[in-house]
Amino acid sequence: MSASPYLLTSGVVLRRTDTKEADQILTLLTAEHGKIPVIARGVKRKGCRYAAAAGLLAYSDWSLYHRGDWYYANEAETKELFSGLGKDFLRLSLGCYFAELTEALTAEGEESGELLRHLLNGLYAIENFRRPPELLRAAFELRAMSLAGYEPLLEGCAFCGKAELEEPVLDLGSGVLRCRRCGSGGAGMPLDGDALAAARHVLYGDPKRLYGFTLGEESLRRLSAAAEAFTLAQLERGFRTLDYYKSLRGMEG
């Protein structure tokens, strides 16, 4: 980072952690510097000038001051609050999961422009696109994993080489596509032709049209189950916000 104690940057609030009575630690995702932990003093006090910018999922321009091992919030101006998400708890919970997953895939001090854009596009899609939440989730997960270096290989069966598979399976451990009868029979998630075509669209298609596909109920179920299982297996962890999102989906069901 710059030798100057001041840093001007734009970032999304991925997480907020309470510290003292009126203070919070914000985890910002920025394009140039990856994740930045920022101490926001007095942010919970009435009249704090940057309270809106410190809201969860808010995207803002920040002026930060570096001292010791920490950055401190100085000033901020909001760019996008995604306030529409607050009108739908299910979609808000999905946005929080997008943020938690993105935080897991990024590091401090590393360029994260692509993942930041992906997160912003994902939040915009949740707020504005009348698409099934599970379609948005599956597409976001697969593309985010790809951008972070965990891209599954879906061009064809990793064993027999067929590009068009009658019973395609996503192998969770190796991240490759295989026919149901090929390979060692390790843990895998079954797809169908439409689900596989959608996954290829997400990974290899135009990112501007990432969410521009439709699927039948069964194909979407397979795609979303495979994307989730692959993400959790590769990262070897769960996500609290994902569990909450799924509990809300269960209540709606």
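This is a predicted model: local features need pLDDT of at least 70, side-chain atom pairs count only at pLDDT 80 or more; totals for chains, interfaces and linings use all residues.
Colleague: Let's start with helix α2, residues 113-128: how far apart are its end C-alpha atoms?

Modeller: Helix α2 has 16 residues, and we take 1.5 Å a residue.

Colleague: Which elements do the buried residues of α2 pack against?

Modeller: The buried residues of α2 include Leu-115, Leu-116, His-118, Leu-119 and Leu-120. Gly-122, Leu-123, Ala-125, Ile-126 and Glu-127 are also among them. Their packing partners are the strands β1 (6-18), β2 (24-30), β4 (59-67) and β5 (70-80), along with the helices α1 (89-105) and α3 (133-147).

Colleague: How does α2 run relative to α3: roughly parallel or roughly antiparallel?

Modeller: The axes of the two helices come within 10 Å and cross at roughly 175°. Angles over 145 degrees count as roughly antiparallel, so that makes α2, relative to α3, roughly antiparallel.

Colleague: And which residues of α3 do the α2 residues meet?

Modeller: On the α2 side you have Glu-114, Leu-115, His-118, Leu-119, Gly-122, Ala-125 and Ile-126. Of these, Leu-115 and His-118 are among the buried residues of α2. Across from the α2 group, in α3, sit Leu-136, Phe-140, Arg-143, Ala-144 and Leu-147.

Colleague: Staying in α3, is Ser-146 buried or exposed?

Modeller: Ser-146 belongs to helix α3. Leaving aside neighbours within four places in sequence, Ser-146 is in contact with Glu-151 and Leu-203. Its relative accessible area is 14%, and the cut-off is under 20%, so Ser-146 is buried.

Colleague: Now the strands: which residue of β4 stands opposite Ser-10?

Modeller: β1 and β4 pair in the antiparallel sense, over seven bridges. Within β4, the residue facing Ser-10 is Asp-61.

Colleague: How many residues lie between β1 and β2 in their hairpin?

Modeller: β1 and β2 pair in the antiparallel sense over seven bridges. In that pairing, Gly-11 stands opposite Thr-30 in β2. The two strands form a hairpin, and the number of residues between them is five.

Colleague: There's an open sheet of three strands too; which are its edge strands?

Modeller: The order of this open sheet is β7-β6-β8, with antiparallel pairing. An edge strand pairs on one side only, and that picks out β7 (177-179) and β8 (188-190).

Colleague: What angle does the direction of helix α5 make with that of β8?

Modeller: Strand β6, residues 168-171, pairs with β8 in the antiparallel sense over three bridges, and Val-169 stands opposite Pro-190 in β8. Helix α5, residues 217-235, packs on this sheet and touches β6 and β8. The angle between the directions of α5 and β8 is about 170°.

Colleague: Is Gly-109 buried or exposed?

Modeller: Gly-109 sits in the loop between α1 and α2. Apart from neighbours within four places in sequence, Gly-109 is in contact with His-33 and Lys-35. Its relative accessibility is 56%, and the cut-off is over 50%, so Gly-109 counts as exposed.

Colleague: Leu-57 has a positive phi although it is not a glycine; is it buried or exposed?

Modeller: The phi of Leu-57 is about 75°. Leu-57 lies in the loop between β3 (34-40) and β4. With a relative accessibility of 2%, Leu-57 counts as buried.

Notes:
Residues are numbered from 1 along each chain as its sequence is written. Side-chain values use heavy atoms; hydrogens and water are left out. Helices (H or I, at least four residues) and strands (E, at least two) are DSSP runs, numbered from the N terminus. The expected span of a helix is 1.5 Å times one less than its number of residues. Buried means under 20% relative accessible area, exposed over 50%, partly exposed in between (1.4 Å probe, protein chains only). Contact means heavy atoms within 4.5 Å. Two strands pair if DSSP finds at least two bridges between them. Axes are lines fitted to C-alpha atoms, for helices over the stretch in contact, and angles run from 0 to 180 degrees between N-to-C directions. Angles under 35 degrees count as roughly parallel, over 145 as roughly antiparallel, 65 to 115 as roughly perpendicular and the rest as oblique.
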